[in-house]
Amino acid sequence: MQIGELAKELGVSTKTLRHYERIGLLPPAERRENGYRMFPPNAVARARQIVALRTLDLPLAAISDLLREEDSEVRKSLLAMLDEKRRAMALDIAILQGKLDELDMRFLNLLRTPNDRPESCICALLNEECTCKKNLDEA
């Protein structure tokens, strides 16, 4: 398969495929008399694997390590990588959920600020007892 056809099928650029070839992820393509790169079926299958693994946000170094594994170890290694990625993502989600909950609470507190308070009053956002009205009364 020619590089342009493969790139189109995989939804990547020819530059990306050349990069994968240059860093050793893809075996070198055969060159035709016209200079075009022709990827044999095993290289096409490898390119599909690489692109699929990249969609999982695996770094190229990890993909390289994975592709060098013994065939009997590939699935086990990939499962370990994905499990680690899932755990990290779950932690990120929990942290973001906590931040969203905090933001929601402060937003609602500010939204519920009584109308008799000055427009500059953000005490509810700060989770503080309001002193703005008292300061205005004293002025």
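Helix α3 passes helix α4 in a right-handed crossing, a crossing being right-handed if the near helix is turned clockwise from the far one by less than a right angle, and left-handed if anticlockwise. The contact (heavy atoms within 4.5 Å) is made by Arg46, Gln49, Ile50, Leu53 and Arg54 of α3 and by Leu60, Ile63, Leu66 and Leu67 of α4, and these residues divide into six nonpolar, one polar and two charged. The model is predicted, with local features requiring pLDDT of at least 70 and side-chain atom pairs counting only at pLDDT 80 or more, whereas totals for chains, interfaces and linings use all residues. Residues are numbered from 1 along each chain as its sequence is written, and side-chain values use heavy atoms, with hydrogens and water left out.

The axes of α3 (residues 41-55) and α4 (residues 60-68) come within 10 Å and cross at roughly 135°, which makes α3 oblique to α4, as angles under 35 degrees count as roughly parallel, over 145 as roughly antiparallel, 65 to 115 as roughly perpendicular and the rest as oblique.

Within helix α3 lies Ala47, which counts as buried at 0% relative accessibility (buried being under 20% relative accessible area, exposed over 50% and partly exposed in between, with a 1.4 Å probe and protein chains only). Apart from neighbours within four places in sequence, Ala47 is in contact with Leu6, Leu10, Leu17 and Leu26.

Ser77, placed in helix α5 (residues 71-111), likewise counts as buried, at 16% relative accessibility. Neighbours within four places in sequence being left aside, Ser77 is in contact with Leu66 and Glu69.

Definitions and conventions: Helix = DSSP H or I, 4+ residues; strand = E, 2+ residues; numbered from the N terminus. Axes fitted to C-alpha atoms, helices over the stretch in contact; angles between N-to-C directions. Nonpolar A, V, L, I, M, F, W, Y, C, P; charged D, E, K, R; others polar.
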